[in-house]
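Let's take a walk through this structure together, one region at a time. Keep the model open beside you as you read.

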Amino acid sequence: MKTILILYGGCSSEYGVSLQSAQAVLEHLNPQRWRALSVHITRTGRWTHEGLPCALRLDRGQAALLLMDGSGRELTFEGAFPVLHGKNGEDGTVQGLLELAGVPIVGCGTLSSALCMDKDRAHKLAALAGVRAPRGRAFPLDTPSAELEDYARLLGWPLFVKPVRAGSSFGISRVSRWEELGEAAAAAFDHDREILLEEAVPGFEVGCAVLGNPPDLTVGVVDEIELSGDFFDFEEKYSLKTSAIHCPARISPEKAQEVQEAAKTVYTALGCRGFARVDFFLTPKGELVFNEVNTIPGFTAHSRYPSMMRAIGLDFTALLDRLIELGVGE
């Protein structure tokens with residue numbers, strides 16, 4: 001039996017979502033194969049195990065958690081599963097720490113995690129791989145408002161203003177007139193030092209769960225987000241008050257296969273491993289436009305990624321078995 005370090009919480013706007021995902025992972029982990037060693041990372045970045053302060057041993061020997069209670073105890077493990085969302089967890093920072101210590105990781109590594117969190121660079125790499133991305137441009141902090149207005153004029157209304165690196169739709173605004181642009185930019189800069197002005201792509205959003213290490217990839221059933229509002233913001237993602245998720249998506253089998261192939265292309269181009277969810281817009285003309293990759297998507301038993309995999313016959317416990325096998329070994 002292997003011991004898996006489960007990291008959850010995190011110094012991130014998505015702290016609460018991580019708690020829910022980690023609880024589901026811990027409840028469904030196969031006790032015949034894996035032993036969980038859980039570490040709660042507080043909102044301020046403090047690591048604790050069962051209430052005791054702890055830290056990762058960084059030398060490349062045996063992977064171990066150091067208890068900082070004066071006892072000198074070390075708790076060993078064979079691999080780590082970051083169940084973290086957003087900054088300081090899904091963006092390559094924790095993955096870099098684990099790779100430095102030589103710890104096998106469940107999921108994407110440092111480079112792919114960082115690239116997928118960066119919407120601007122992810123879009124550019126997807127486009128180079130032959131998958132269309134929305135028109136858009138990144139702007140650094142303190143960009144003159146006139147420069148933002150000039151580019152908005154080129155894109156046309158409506159458009160989206162987004163932090164380049166953030167998750168769960170934090171800091172994203174749909175802007176329909178000049179008067180809203182300044183406030184939307186300020187809200188996006190609250191979450192990152194760069195923002196993205198991006199065209200509003202007509203149509204609806206579809207997603208595809210990808211599992212595996214290229215070229216051996218498994219894809220889940222494609223799902224669809226049915227919106228009643230302007231976009232799938234944080235509240236709608238986690239409450240579904242006025243939106244709905246359809247799995248399978250209400251599209252033709254041929255179009256679903258096209259989504260799956262495009263998801264594998266993007267996944268491979270961005271260097272993903274283990275698992276990720278790839279999201280697209282599907283326009284009224286039937287064209288796919290890449291939106292983003294979530295390298296650690298929501299992981300409750302009812303979240304989109306597990307639901308898409310369950311639809312191909314992989315239940316939550318079996319899915320966790322496969323993920324850990326891919327990252328850590330059997």
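Before we start, one term: two residues are in contact here when they have heavy atoms within 4.5 Å of each other. Also keep in mind that what you're looking at is a predicted model.

With that in hand, go to helix 2, which covers residues 93–100. Val94, Gln95 and Leu98 are its buried residues. Look down the axis of helix 2 and you'll find that these buried residues fall within an arc of 100 degrees, so they line one face of the helix. What do the buried residues of helix 2 pack against? Their partners are strand 1 (2–9), strand 4 (52–56), strand 7 (79–83) and helix 3 (110–117).

Next, the aromatic rings. The model has nine aromatic pairs. Take Phe275 and Phe299: their ring centres are 5.4 Å apart and their planes sit at 65 degrees, and because an angle over 60 counts as edge-to-face, that's what this pair is. The pair ties together distant parts of the chain, 24 residues apart. Phe275 belongs to strand 16 (residues 274–282), while Phe299 is in the loop between strand 17 (288–294) and helix 9 (304–310). Both Phe275 and Phe299 are buried. Elsewhere, a charge meets a ring: Lys162 lies over the face of Phe160, at 5.8 Å from the ring centre.

Now for some strands. Strand 14 (residues 223–226) pairs with strand 12 (residues 204–213) in the antiparallel sense, over three bridges. To see this on the model, find Gly207, which stands opposite Asp223 in strand 14. Strand 14 also pairs with strand 15 (residues 244–246), again antiparallel and over three bridges. Here Glu224 stands opposite His246 in strand 15.

Last stop: the cysteines. How many disulfides are there? The count comes to zero. Cys11, for one, is in no disulfide, and the nearest cysteine sulfur, that of Cys54, is 15 Å away. Cys11 counts as partly exposed, at 33% relative accessibility. Cys247 is partly exposed, with a relative accessible area of 33%.

Terms used:
Residues numbered from 1 in each chain as written. Predicted model: local features only at pLDDT ≥ 70, side-chain atom pairs only at ≥ 80, totals over all residues. Heavy atoms only, no water. Pairing = 2+ DSSP bridges. Helix = DSSP H or I, 4+ residues; strand = E, 2+ residues; numbered from the N terminus. Disulfide = S-S within 2.5 Å. Buried < 20%, exposed > 50% of the residue type's maximum accessible area, 1.4 Å probe, protein only. Phe/Tyr/Trp six-rings, centres within 6.5 Å; stacked < 30°, edge-to-face > 60°. Lys NZ or Arg CZ within 6 Å of the ring centre and 35° of its normal. Arc of directions from axis to C-beta.
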